2 protein chains.
Amino acid sequence: MIEKRTLRVALLGAGSVGSQVAHLLLTHREELAERAGAELELAGIAVRNLDAPRDVELPRELLTTDAESLIVGSDIVIELMGGIEPARTHLLTALTSGADVVTGNKALLATHGAEIFDAADQVGASVSYEAAVAAAIPIIRPLKDSLAGDRIQRIFGIVNGSTNFILDKMDREGLSAEEAQRIATDLGYLEADPTLDLEGYDAAQKAAILASLAFHTKVSLEDVHREGIENVTADMIEGARRAGFVVKLLAVCERLEDEGEEAISVRVYPALIERDHPLASVHGGNNAVFVEAAAAGALMFYGAGAGGLETASAVLGDVVSAARRHIAGGVGVGESPRMSLPTAPIGRILTRYQVRLEATDEPGVLATIAGIFAEGGVSVATVDQSQGDEGLASIVIGTHRAREQALSDTVARLAASDAVERVVSVLRVEGE
Amino acid sequence: MIEKRTLRVALLGAGSVGSQVAHLLLTHREELAERAGAELELAGIAVRNLDAPRDVELPRELLTTDAESLIVGSDIVIELMGGIEPARTHLLTALTSGADVVTGNKALLATHGAEIFDAADQVGASVSYEAAVAAAIPIIRPLKDSLAGDRIQRIFGIVNGSTNFILDKMDREGLSAEEAQRIATDLGYLEADPTLDLEGYDAAQKAAILASLAFHTKVSLEDVHREGIENVTADMIEGARRAGFVVKLLAVCERLEDEGEEAISVRVYPALIERDHPLASVHGGNNAVFVEAAAAGALMFYGAGAGGLETASAVLGDVVSAARRHIAGGVGVGESPRMSLPTAPIGRILTRYQVRLEATDEPGVLATIAGIFAEGGVSVATVDQSQGDEGLASIVIGTHRAREQALSDTVARLAASDAVERVVSVLRVEGE
């Protein structure tokens, strides 16, 4: 048997994912060596605080606060610190010193992805980031490799487990948003500062990463239209249920024609999904991503959307691949964005909508409302009128596919109309 | 810009998948070159009959009946002929002459996989076969790369679209097996000779390929316990529905302890799945595969299970990867089986069962039946007795998890008992 090479692996960060990665690298050493074709030697673990408590006990002698010295001379650098700095600087140092890089840092990739990929391409190194989107679910590699000979038209899915947990609780147990959030916090689904999840920032970061990869275009967080679940009420969810829908926080990345030009739209918002759609049965903290490609048709990838151990699986898959690549030594095709498709404004997207109104319960009111839709060029598909509170009529109008701009102009006119007391909610219908 | 290398690509076979692959290679030339990092020049297409009708029109000058000459000197050989010979000889020639190989030939891999992988390892070439299992659904690559740092415990899923179409029709429209098969034949879901699908051979080939890859062990078609859907009746499906299940033809590959030794079980049979399990909502000709790994947890991959264009997407993904590898030149880690886990006999598996009996409707009969289960060491979980035909009682017994051997011994004793008129069906419950 040929003597195996030994690759030096540096780990930056020992949080819930990092400590599991370290543990697996140390305990599965032999099996990983078989698979990678090289010994993977964990050279050290850079941490901020040597004495912080860890999810898994780690050998004290591997811990260091000097990330810089650890990085230089390593063959593979795993970055699981999170945040922009010093993660960005460390990754750039790693790449220029010849290491292949594995990261789970979605915030960094969603803001400085192009810079990192360019740096990697210049030195012929690889950047792997399966763990940055949907934890253990293989989605980055299928997009990059399996569908490399296909053309991706649309990606949409549930990429934030915390908000899915909350919406699912509200849907299945009829809880209020506050109750569901409290349970999510108690069970550790929400951070102390839950705004990253609730306001859709986390999902938007993942959407930016997916869109960049799928469309070979530089898409940053600020290109993503973002709405969170802050305004989703038990009432909205109940209304959706009655109409045969479930409310999910979706990330959508799609190609569209924008006034004859090819463009993309990247957006995150709570949307309606038909109850018999596979995404409707994604419960709890799970994630699921649909990919629609020209030849392959519709594919779905489903699994746990978070968890230290689950995410560590994705990191190790990347480490093994990086090791194989490091030994092979070839440069390969980089990920520098080679297209520059414009991002269309949200007003250009085409979907169906469900508009819920409270209106005065008088003769002619429905005719007035229908007239406003007609003037706005938005075609009405379904109307469901029922008795609301305080003598008002509750009207739910489902539209055919319409431009968002036409719809929002119509909604503004509805809100200003004497016939309408209040526009209760406007939700897009996705997954069709 | 650096001049791109040109790689010679040979295509063997121009059936429904091959003709689509040729078409995509010719029409997406520029985009594929960008992604592969090299021009992919379709050097020729080996066919048996130059004048056979094709799904897509192909340039006459590319067609040849001389596969051998086409292969030698090619950088990448795509084999989509199917069958064992001459496909096997052609692949071995391709590998020894230095080509990387892409194939969708499940029959060949399920019988001669180890030979092909060994040949590839000896010369440091790659064999890619995403198209061999579940068409466009990326499942081979996730198992091989994404989960390379994890330990796969179980794979189970729907890997044959034709039988899923038939069972789904029977379940959703109450059709008889004959009616459903006739529709499947009319719509092209079944071949002229449908036995490969109906008797589970196709699913068993795929199970052998998945198990070999997941457990790094040589698993051949003859190691797979195989039962088809020939004996599934409308009645069984109706009974399953009443009990909250749906009948699916499943491929199951799992690790198990067999008398203290690590072993694997690979099997294909119609099984019961709870109606709220994600696999239950896989309709029509679609495929879906669950993968359970120690760290990653449960993952599901879903999409179209057949189709020329869909399968061509998987082939092209492999071609682009093979091209990248061919340029990089590295050898990488091969797929020669490096473990040799024994295959446990079917009697060793542990599942739940639903046993349906017709019994004489007399006092003491249920006690006798319950006694036979108890003697056999099979614990009863549920009993559902109803009035059957001709004064007989229809009894459905759901068991707790039990060894298949204990269960089948018990069923034999039930069949021999005076209390039991007939054992109507025995179905395993999977997905738990």
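How many bridges join strand β12 of chain A to β12(B), and in which sense do the two strands run?

## Where the two chains meet

In this predicted model, strand β12 of chain A, made of residues 297-304, is joined to β12(B) by 3 bridges, and the two strands run antiparallel. Within this pairing, A:F301 stands opposite B:F301 in β12(B).

The contact as a whole draws 49 residues from chain B and 50 residues from chain A. On the side of chain B that touches chain A, at least two residues each come from α2 (29-36), α6 (140-146), β12 (297-304) and α12 (308-328) of chain B. The element that gives the most to this side is α12(B), with 12 residues. Sorted by class, the side of chain B that touches chain A has 28 nonpolar, 12 polar and 9 charged residues.

## How the two copies are related

The same surface serves both copies, since 100% of the contact residues of chain B recur in chain A.

## Helix α12 of chain A

Helix α12 of chain A covers residues 308-328, and its 21 residues reach 30 Å from the first C-alpha to the last, close to the 30 Å expected at 1.5 Å a residue. This helix is mostly covered, with 18 of its 21 residues buried. Just after α12(A), A:G329 takes a positive phi of about 85 degrees.

## The parallel sheet of chain B

In chain B, 6 strands form an open sheet with parallel pairing, in the order β3-β2-β1-β4-β5-β6. The edge strands of this sheet are β3 (63-64) and β6 (127-128) of chain B, each of which pairs on one side only. At the β3 end, strand β2 of chain B (residues 38-46) is joined to β3(B) by 2 bridges, the two running parallel, and B:A46 stands opposite B:T64 in β3(B). Elsewhere in the sheet, β4(B) and β5(B) pair in the parallel sense over 4 bridges, with B:I76 standing opposite B:D100 in β5(B).

In a regular strand the side chains alternate between the two faces of the sheet. Helix α1 of chain B (residues 16-27) lies across β1 (5-12), β2 and β4 (76-79) of chain B, and runs at about 145 degrees to β2(B).

Leaving aside neighbours within four places in sequence, A:I71 is in contact with A:A10, A:V77, A:H90, A:T93, A:A94 and A:S97. The C-alpha atoms of A:I71 and A:G44 are separated by 9.1 Å, although the two residues are 27 residues apart along the chain.

Terms used:
Residues are numbered from 1 along each chain as its sequence is written. Chains are lettered from A and ligands numbered from 1 in the order in which they are written. This is a predicted model: local features need pLDDT of at least 70, side-chain atom pairs count only at pLDDT 80 or more; totals for chains, interfaces and linings use all residues. Two residues are in contact if their C-beta atoms, placed from the backbone, lie within 7 Å. Ala, Val, Leu, Ile, Met, Phe, Trp, Tyr, Cys and Pro count as nonpolar, Asp, Glu, Lys and Arg as charged, and the others, Gly among them, as polar. Two strands pair if DSSP finds at least two bridges between them. Axes are lines fitted to C-alpha atoms, for helices over the stretch in contact, and angles run from 0 to 180 degrees between N-to-C directions. The expected span of a helix is 1.5 Å times one less than its number of residues. A residue is buried if 20 or more other C-beta atoms lie within 10 Å of its own, exposed if 12 or fewer, and partly exposed in between; C-beta atoms are placed from the backbone.
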